[in-house]
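Subject: Structure handover

Hello,

Please find the structure below. Notes on what was found in it follow.

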Amino acid sequence: MVRANGAVSLRELARVVQTSEVTVRRDVRALESEGLLDRRHGGAVLPGGYTRESGFPHKSHLATAEKTAIADLAAGLVQEGEAIVVGAGTTTQELARRLARVPGLTVVTNSLLVAQALAHANRVEVVMTGGTLRGSNYALVGSGAEQSLHGLRVSRAFLSGSGLTAERGLSTSNMLSASVDRALVQSAAEVVVVADHTKLGTDTMFQTVPTDLITHLVTDEPPAENERAGGELQALADQGVQIAVAGPGPVQERADAPQQPHQPQYPGPSARQEVPLPGQRRNHPASPPPLRGGPGSVADLAPRRRG
């Protein structure tokens, strides 16, 4: 399965072979000792995972339920009439499918898959970057993509990646993708990372978003025995990242009124936090101020809100 997909989660392995994750973890450890794969927190990849990147057909079948739950939760952060940027990835593609229901939205993206998901959405404007097409993930990259983002200003950016650690932040395996993601970050007042638990604790070659620029992380509930993932989330929260964990069951709708800012604490992998309105890009990691919307808070791409 790892040879076919490039990466696989322990949860998916346990489901396919119909055994426990504890048994799968032991077998994966044995395979790693033979040099056949590299363990990652919550999964396994082919050796050389710092530089190797799985293609879209492989990644689209990994952690599908988790990505769906994350997308449901992250979509609740987007308000009518906003202007946002959405990066490339299978999780952001799931997010885009839900954003199609948000009226008056403007979405800037370098992802053909995100644009396709929004192509027939009523009252959603899609703005694509220029650039050169990367066939492995259907994303536009290169100087053309980066130049088209110059001078852009939106309320927030939604990004995914190949790995996320508290020490280094979000990272990816491809230099061109990393460069465009950094340009997307520069265009946004705040950054929301959407990443399933298999990315936690994984560090890949090119940094895209340092931890102090991540306002919000939307992830899924790690397995109870995965203490490393829970520890990584706590470390991210300690640095001021607001953590929202998508658990089983329906997602509660976000309240319209902004909540008071607070220091988030990740209590453990079995818990689930409600999603507060995200703050602006932090000046200090311990106290993110609330986002103040309204006319003039988003650049020219933002449609005028009612009321």
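The accessible surface of the chain comes to about 13600 Å², and 51% of that surface belongs to carbon and sulfur atoms. Accessible areas come from the Shrake-Rupley method with a 1.4 Å probe, and for residues only the protein chains shown count as cover.

This is a predicted model, in which local features need pLDDT of at least 70, side-chain atom pairs count only at pLDDT 80 or more, and totals for chains, interfaces and linings use all residues. Residues are numbered from 1 along each chain as its sequence is written, and side-chain values use heavy atoms, with hydrogens and water left out.

Overall figures. The chain has 307 residues, of which 53% count as buried (under 20% relative accessible area; exposed is over 50% and partly exposed lies in between, with a 1.4 Å probe and protein chains only). Its secondary structure comes to 10 helices and 15 strands; these are DSSP runs, numbered from the N terminus, with helices being H or I of at least four residues and strands E of at least two. Of the contacts (heavy atoms within 4.5 Å) between residues at least 6 apart in sequence, 67% join residues at least 24 apart.

Strands. Strand β10 (residues 163-165) runs antiparallel to strand β11 (residues 169-172), with 3 bridges joining them. Strands pair if DSSP finds at least two bridges between them. The link from β10 to β11 is a hairpin through 3 residues, and Gly163 stands opposite Ser171 in β11. β11 also pairs with strand β13 (residues 206-209), in the antiparallel sense and over 3 bridges. There Ser171 stands opposite Gln207 in β13.

Helix α2. In α2 (residues 10-17), the buried residues include Leu10, Glu12, Leu13 and Ala14. Among the elements that cover the buried residues of α2 are β1 (7-9), α3 (21-33) and β3 (43-45).

Most residues other than glycine have a negative phi. Gln18 sits in the loop between α2 and α3 and is exposed, with a relative accessible area of 73%. Tyr138 likewise has a positive phi of about 55° and is not a glycine. Its place is the loop between β7 (132-134) and β8 (139-141), and at 33% relative accessibility Tyr138 counts as partly exposed. Tyr138 and Val114 are 24 residues apart in sequence, while their C-alpha atoms are 9.4 Å apart in space.

Helix packing. The axes of helix α5 (residues 64-75) and helix α6 (residues 90-99) come within 8 Å and cross at roughly 50°. Axes are lines fitted to C-alpha atoms, for helices over the stretch in contact, and angles run from 0 to 180 degrees between N-to-C directions. α5 and α6 are therefore oblique to each other (under 35 degrees is roughly parallel, over 145 roughly antiparallel, 65 to 115 roughly perpendicular, and the rest oblique). On the α5 side the contact is made by residues including Lys67, Ile70, Ala71 and Ala74, and on the α6 side by residues including Thr91, Glu94, Leu95 and Arg98.

Regards
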